[in-house]
Amino acid sequence: MAGIELTGLSTVYPNGVRAVDSLDVSIKDGEFFALLGPSGCGKTTLLRTIAGLEPATSGTVSIGARDVTRVEPGQRRVAMVFQDYALFPHMSVAENIAYPLRVRRAPRPRQREVAARTAADLGLDGLLERRPGQLSGGQQQRVALARAIAVSADVLLLDEPLSNLDARLRLEARTFLKRLQRELGLTTVFVTHDQAEALALADRIAVMEAGRIRQLGSPREIFQRPGSTFVANFIGSTPMNLLPGAVRSGAVEVAGTSLTEVDLPDGTEVVVGIRPEYLTLGEEGIPGTVSIVENLGITSLVTLECADGTLIGVTVQEHAEPRIGAQVSAAPQPGRLLLYGQDGVLLG
Ligand code: ADP
Ligand code: MG
């Protein structure tokens with residue numbers, strides 16, 4: 001078992017792209033750590049740099065107490081599952097799972113035993129003689145996982161392992177993955193562009209943008225107090241309202257309605273962040289006209305249009321939806337307003 005320590009880590013490709021830019025991160029032993037960010041932000045590169053498949057341009061990677069920056073991938077005690085699974089199509093499930101043991105020249109009976117046991121752990125018994133082409137996406141994903149954990153490793157690196165599965169299977173596989181990680185107790189770095197996946201699975205999330213970590217925290221911290229409008233925009237299945245606000249007489253106003261007292265000079269322009277789930281429709285708050293109602297199942301997302309054109313999303317419970325065209329107001333629940341500066345950084 002081992003934690004992962006990244007110090008001043010940069011990975012620059014020969015074409016000059018700085019895919020990982022001076023990262024300092026400490027991932028704890030046994031932690032389920034998610035790297036979350038939009039496509040192209042450097043998640044795969046960071047994972048490959050930890051695995052040793054991409055050379056670090058500067059800085060260090062330590063696994064356990066060992067500096068592995070110049071250590072070959074095969075000697076790092078790292079297991080990795082690639083986004084496309086990279087299974088060998090001409091080999092059976094058993095041969096695929098046993099492949100890393102074969103490369104290490106483990107005796108045949110041991111290869112067979114480990115493959116059978118790992119397959120059973122992952123619910124693949126009965127499929128050992130099949131080829132990858134004869135498996136469903138979910139089964140292929142499990143074979144890739146089985147192959148990764150068949151050799152004992154200290155850390156497990158997963159690159160968007162659920163993204164090739166359809167929506168329902170993805171939920172099942174997510175629960176399965178969480179249980180497996182708990183059972184194995186393996187330090188796990190999980191790459192995803194899906195905020196819901198990161199929130200559901202991770203002990204901590206690092207939100208990445210352009211090779212850098214923009215925020216690091218528990219799912220709750222990241223959800224409730226996004227440190228910037230970038231993170232706020234990225235997290236939550238219904239997007240956070242980011243409303244233009246201004247300070248007048250010591251209070252923040254949105255669309256002409258005074259919301260909360262602040263210690264900022266009059267005239268300061270801010271961005272007011274409030275999640276649709278943390279607004280209540282009624283008589284109080286910012287007045288507007290109901291322009292759209294979207295059914296989300298147990299809740300609906302109501303869009304209010306204010307007199308100045310500001311649009312506000314409000315989540316309401318089923319059967320509490322207002323009719324289109326109704327005049328209502330949206331009031332923030334106490335303590336739920338976030339204020340961002342013009343540079344997008346959380347104030348206070
Ligand atoms: P993500 O996994 O978050 O989508 P990547 O790590 O794949 O991001 O890519 C990060 C950046 O590095 C992107 O700008 C991408 O175009 C670039 N990049 C990725 N792989 C290579 C490569 N082999 N050579 C040059 N640039 C690359
Ligand atoms: Mg990627």
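Let's start with the sheet. Five strands form an open sheet, in the order β15-β19-β16-β17-β18, and the pairing is antiparallel. Strands here are DSSP E runs of at least two residues, helices are H or I runs of at least four, and both are numbered from the N terminus. Two strands pair if DSSP finds at least two bridges between them.

This is a predicted model, where local features need pLDDT of at least 70, side-chain atom pairs count only at pLDDT 80 or more, and totals for chains, interfaces and linings use all residues. Residues are numbered from 1 along each chain as its sequence is written, chains are lettered from A and ligands numbered from 1 in the order written, and side-chain values use heavy atoms, without hydrogens and water.

E294 has L301 in β17 as its bridge partner.

Now the helices. How do α4 and α5 cross? The axes of α4 (residues 137–149) and α5 (residues 167–184) come within 11 Å and cross at roughly 15 degrees. The two are therefore roughly parallel (angles under 35 degrees). Who makes the contact (heavy atoms within 4.5 Å)? From α4: G138, Q141, R142, L145 and I149. From α5: L169, A173, F176, L177, L180 and L184. By class, that contact has 8 nonpolar, 2 polar and 1 charged residues. Nonpolar covers Ala, Val, Leu, Ile, Met, Phe, Trp, Tyr, Cys and Pro; charged covers Asp, Glu, Lys and Arg; the others, Gly among them, are polar.

Notes
Axes are lines fitted to C-alpha atoms, for helices over the stretch in contact, and angles run from 0 to 180 degrees between N-to-C directions. Angles under 35 degrees count as roughly parallel, over 145 as roughly antiparallel, 65 to 115 as roughly perpendicular and the rest as oblique. Contact means heavy atoms within 4.5 Å.
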